[in-house]
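Work through these exercises with the sequence and the 3D view side by side. Try each task before reading its solution.

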Amino acid sequence: MFSGKVRAYTNIALIKYWGKENQELIIPMNNSLSLTLDAFYTETQVLFSKDLTEDQFYLDNQLQDSKATLKVSRFLDLARKKADCTLYATVRSQNFVPTAAGLASSASGLAALAGAASAALKLDLSSEELSRLARRGSGSACRSIYGGFSEWQKGTSDETSYAVGIASDGFEDQLSMIFVVVNDAQKDISSRDGMQRTVETSAFYDGWLQTVPHDLAKARKAIADKDFIALGEVTEASALKMHGTTLAATPPFTYWSAESMKAMNLVRQIRNDGLPCYFTMDAGPNVKILVERKNEEALLNALRDQFDAQQVVVAHTGPAIEILSEEEA
């Protein structure tokens with residue numbers, strides 16, 4: 001038997017990735033930049049055994065159906081090929097993230113699966129190699145290999161598309177991200193389907209894509225300069241532009257809800273009242289708000305006037321992927 005246990009944390013893209021250049025290899029249309037957070041994470045154990053006749057996949061202690069297991073098996077095949085291994089595996093994953101609700105569950109989930117499979121098979125992969133492997137399961141998972149800031153470099157091939165960590169001299173520790181969970185149910189249009197429809201049909205997509213290099217450069221400079229205002233402005237702009245592309249798709253769609261709009265308008269009001277904070281959203285209705293940690297409590301007080309306490313979740317910078325002992329898991 002070969003076993004590995006890993007914990008991986010979610011990351012939230014500040015400069016968005018939206019659309020794939022290569023569907024099979026999950027090579028994106030553009031670079032993206034993210035912040036790994038500590039509030040949501042996934043713990044996964046992979047156990048390879050000669051006693052198994054097929055792969056088994058348990059999510060939150062529930063044995064999954066053949067469709068879900070097939071996705072896991074195909075990913076495990078990539079690791080098995082690297083290790084020249086023919087054994088089947090039992091995968092047990094605990095997801096401390098609402099699944100498919102725009103809270104980055106796939107990022108932590110597939111990063112944890114990549115790490116656990118790699119640890120079980122003793123592949124001894126570098127961070128970049130592990131990032132490449134995680135990318136094959138879910139694009140954003142390649143960024144969850146790292147703590148703090150990271151950038152997914154789109155590359156041009158399987159070998160050149162992976163994330164790298166961004167040194168920030170402690171700037172990430174000055175930040176908080178507040179989640180306003182307006183809906184944790186599974187969304188109607190998956191990220192994968194939404195991306196494809198947007199790339200293929202949106203009249204706004206090419207225009208958005210052309211702005212990404214400028215946004216990335218602004219974000220990198222803001223991190224290097226520890227300039228919160230500049231980072232917040234480009235983060236909010238990137239999210240709005242990405243979501244704008246979905247409105248021009250055929251047929252048009254949006255991940256926003258009335259509660260999403262309420263949260264975004266509230267952020268603008270709080271900012272106009274003198275507290276710097278900026279929102280971002282992924283492929284789901286939930287709103288994330290970037291704020292300096294020194295202003296965290298003031299922002300929470302303002303949010304709690306409009307939202308229930310259980311809807312508001314505080315996150316700080318999360319660590320890189322972690323290998324767990326039996327006692328820690």
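The radius of gyration is taken over C-alpha atoms, and the globule rule is 2.2 Å times the number of residues to the power 0.38. Keep in mind that this is a predicted model.

**Exercise 1. Overall form**

Task: Find out whether the radius of gyration of the protein agrees or disagrees with the value for a compact globule.

Solution: 
- Start with the length. The protein has 329 residues, so a compact globule would have a radius of gyration near 20 Å.
- Compare. The protein has 19 Å, which agrees with the rule.
- Along the principal axes, the C-alpha atoms fill roughly 65 × 45 × 35 Å.
- Look inside. Buried residues account for 55% of the 329 residues.
- Check the contacts. Take those between residues at least 6 apart in sequence: 76% of them join residues at least 24 apart.

**Exercise 2. Inventory and surface**

Task: State how many helices and strands the protein has, then describe its surface and charges.

Solution: 
- Count the elements. There are 8 helices and 14 strands.
- Take the surface. The accessible area is about 14200 Å², and carbon and sulfur atoms hold 48% of it.
- Count the charges. There are 33 positive and 42 negative side chains.
- Locate them. The centres of the two sets lie 3 Å apart.

**Exercise 3. Aromatic pairs**

Task: Classify the pair of tryptophan 18 and tyrosine 255, and the pair of tyrosine 205 and tryptophan 208.

Solution: 
- Begin with the total. The structure holds 9 aromatic pairs.
- Take tryptophan 18 and tyrosine 255. Their ring centres are 6.2 Å apart and their planes meet at 85°, so the pair is edge-to-face. The cut-off for that class is over 60 degrees.
- Tryptophan 18 sits in the loop between strand E1 (2-15) and strand E2 (20-22), and tyrosine 255 in the loop between helix H6 (228-247) and helix H7 (258-272), so the pair ties together parts 237 residues apart in sequence.
- Check burial. Tryptophan 18 and tyrosine 255 are buried.
- Turn to tyrosine 205 and tryptophan 208. This pair is tilted, with 5.7 Å centre to centre and 45° between the planes.
- Finish with a cluster. Tyr9, Tyr41 and Phe96 form one.

**Exercise 4. A buried arginine and a contact**

Task: Decide whether arginine 135 is buried or exposed, and list what it touches.

Solution: 
- Locate arginine 135. It lies in helix H3 (residues 127-135).
- Read its accessibility. The relative accessible area is 0%, so arginine 135 is buried. The limit for buried is under 20%.
- List its contacts, leaving out residues up to four places away in sequence. Arginine 135 touches Leu25, Ile26, Cys142, Trp152, Asp158 and Ser161.
- Follow one of these, leucine 25. It is found in the loop between E2 and E3.
- Leucine 25 touches Arg135, Arg136 and Asp158.

**Exercise 5. Backbone exceptions**

Task: Which backbone values at isoleucine 26, aspartate 60 and proline 251 call for a second look?

Solution: 
- Recall the rule. Most residues other than glycine have a negative phi, and most peptide bonds are trans.
- Take isoleucine 26. Its phi is positive, near 55°. Isoleucine 26 lies in the loop between E2 and strand E3 (27-28). At 3% relative accessibility, it counts as buried.
- Take aspartate 60. Its phi is near 50°, again a positive value. Aspartate 60 is in the loop between strand E5 (56-59) and strand E6 (62-63). At 33% relative accessibility, it counts as partly exposed.
- Take proline 251. The peptide bond from threonine 250 to proline 251 is cis, with omega near -5°. Proline 251 lies in the loop between H6 and H7.

Conventions: Residues numbered from 1 in each chain as written. Predicted model: local features only at pLDDT ≥ 70, side-chain atom pairs only at ≥ 80, totals over all residues. Heavy atoms only, no water. Helix = DSSP H or I, 4+ residues; strand = E, 2+ residues; numbered from the N terminus. Buried < 20%, exposed > 50% of the residue type's maximum accessible area, 1.4 Å probe, protein only. Contact = heavy atoms within 4.5 Å. Areas by Shrake-Rupley, 256 points an atom, 1.4 Å probe, with all protein chains shown as cover. Lys, Arg positive; Asp, Glu negative; His and termini not counted. Charge placed at Lys NZ, Arg CZ, Asp CG, Glu CD. Phe/Tyr/Trp six-rings, centres within 6.5 Å; stacked < 30°, edge-to-face > 60°.
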